[in-house]
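Subject: Handover of a structure and its findings

Dear colleague,

Please find below the structure that I am handing over to you. My notes on what was found in it follow directly after.

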Amino acid sequence: MSRSVLVTGGNRGIGLAIARAFAEAGDKVAITYRSGEPPQALTSIGVLAVRCDITDSEQVEQAYKQIEEAHGAVEVLVANAGITKDTLLMRMSEEDFSSVVDTNLTGTFRVVKRANRGMLRAKKGRVVLISSVVGLLGSAGQANYAASKAALVGFARSLARELGSRNITFNVVAPGFVDTDMTKVLTDEQRAGIVGQVPLGRYAQPEEIAAAVSFLASDDAAYITGAVIPVDGGLGMGH
Ligand code: NDP
């Protein structure tokens, strides 16, 4: 079984690990990248890299057209692209807030809505949204990010109800702290503080997030929809 898979923000970090996992399992994988060059680690194994900024609907449309021509309609969508703009509320500008929401939430809306067209026609589809433990736990200095990530849960669960009868599943993966560029900006002291709160006592590797995503897209997960799967070393227990 070789499916048409799209991973947004697949040029580095968690998205790259997810794209690699699908490609190694034999799927036809496309990634979007916003800046820089397409990652050689993926293009060398046949992954299609399409430039796309998910804050721009026209770029999303063009990316889908390119992917559909090469691989057919997207059957598995992993909405992974996301940003942070951390600061305390009193210093948070409206732009700090709206740009994070425009990428993490509205950007996800844009790519999911466009994928839905082909999934409705095919009467099947798998959508996995990458949220965060922070969306449910909250985090001082991340009100914009946490709000955008919590919103993905309501978004996915509404669509799970709206489109369940069409055999399209919508699930959310909520990673804890993962070793990527996004967390490299933290100081050693901040990292030690976080690790101290994680029952498993370490950061996740991107491949550990990819494993949960691969499962949700597999036949074994056919009866799972509207779920929030934590991959957080126990950090968010109780949510
Ligand atoms: P990175 O910062 O390493 O990568 C983010 C990816 O998103 C990059 O590919 C980036 O593209 C892409 N991206 C950002 N904005 C846009 C945009 N407007 N249009 C298209 N692509 C965009 O992050 P991670 O790999 O760590 O995170 C991936 C996802 O996982 C994010 O949604 C993040 O919130 C979530 N997450 C991460 C955690 C962590 O600890 N790292 C924990 C919990 C959740 P470009 O390279 O061009 O900037």
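Lys149 sits in helix α6; helices here are DSSP runs of H or I with at least four residues, strands are DSSP runs of E with at least two, and both are numbered from the N terminus. Lys149 is buried because 26 other C-beta atoms lie within 10 Å. A residue is called buried if 20 or more other C-beta atoms lie within 10 Å of its own, exposed if 12 or fewer, and partly exposed in between, with C-beta atoms placed from the backbone. Leaving aside neighbours within four places in sequence, Lys149 is in contact with Asn104, Ser131, Ser132, Val134 and Gly135; contact requires C-beta atoms, placed from the backbone, within 7 Å.

Please note that this is a predicted model, in which local features need pLDDT of at least 70 and side-chain atom pairs count only at pLDDT 80 or more, while totals for chains, interfaces and linings use all residues. Residues are numbered from 1 along each chain as its sequence is written.

Annotated positions

Helix α6 covers residues 143–163 and contains Ala146. Tyr145 is also placed in helix α6. UniProt, in an unreviewed entry, puts the feature "active site" at Tyr145. UniProt positions follow the numbering used here, feature names are shortened, and annotations may be inferred rather than shown by experiment. Tyr145 counts as buried, with 24 C-beta neighbours inside 10 Å. Not counting residues up to four places away in sequence, Tyr145 touches Thr84, Asp86, Val100 and Val134. Ala146 counts as buried as well, with 21 C-beta neighbours inside 10 Å. With the residues up to four places away in sequence again left out, Ala146 touches Val134, Gly135, Gly138 and Ser139.

The UniProt annotation "binding site", from an unreviewed entry, covers Gly9, Gly10, Asn11, Arg12, Asn80, Tyr145, Ala146, Ala147, Ser148 and Lys149. These positions span 141 residues in sequence and their farthest two C-alpha atoms are 24.9 Å apart, so they do not all gather at one spot. A further UniProt annotation, "domain: Ketoreductase" (unreviewed entry), covers residues 3–181. That span is 49% helix and 18% strand, and its end C-alpha atoms lie 29 Å apart.

The ligand shell

Which residues come nearest to the ligand? Of the 30 residues around the ligand, they are Gly9, Gly13, Arg34, Gly82 and Thr180; a residue is near a molecule or strand if its C-beta atom, placed from the backbone, lies within 6 Å of it. Helix α1, β2 (28–33), α4 (94–122) and α7 (181–184) each supply at least two residues of this shell. The shell divides into 11 nonpolar, 15 polar and 4 charged residues. Here Ala, Val, Leu, Ile, Met, Phe, Trp, Tyr, Cys and Pro count as nonpolar, Asp, Glu, Lys and Arg as charged, and the others, Gly among them, as polar.

The core and helix α1

The largest nonpolar core has 64 residues, and those with the most contacts inside it are Ile18, Ala19, Val29, Leu77, Val173, Ile209 and Val213. Such a core is a set of buried Ala, Val, Leu, Ile, Met, Phe, Trp, Tyr and Cys residues joined through C-beta atoms within 7 Å. Helix α1 (residues 13–24) gives the most to this core, with 8 residues. Val213 touches Ile18, Val78, Val128 and Val173, not counting residues up to four places away in sequence.

In α1, 11 of the 12 residues are buried, so the helix is largely enclosed by the rest of the structure. From its first C-alpha to its last, α1 reaches 17 Å, close to the 16 Å expected at 1.5 Å a residue; the expected span is 1.5 Å times one less than the number of residues. Just after α1, Gly26 takes a positive phi of about 100°.

Loops

Most residues other than glycine have a negative phi. Lys123, in the loop between α4 and β5 (125–130), has a positive phi near 55°. Lys123 counts as exposed, with 10 C-beta neighbours inside 10 Å. Asn167, in the loop between α6 and β6 (168–175), has a positive phi of about 65° although it is not a glycine. Asn167 counts as partly exposed, with 15 C-beta neighbours inside 10 Å.

Yours sincerely

Terms used:
Two residues are in contact if their C-beta atoms, placed from the backbone, lie within 7 Å.
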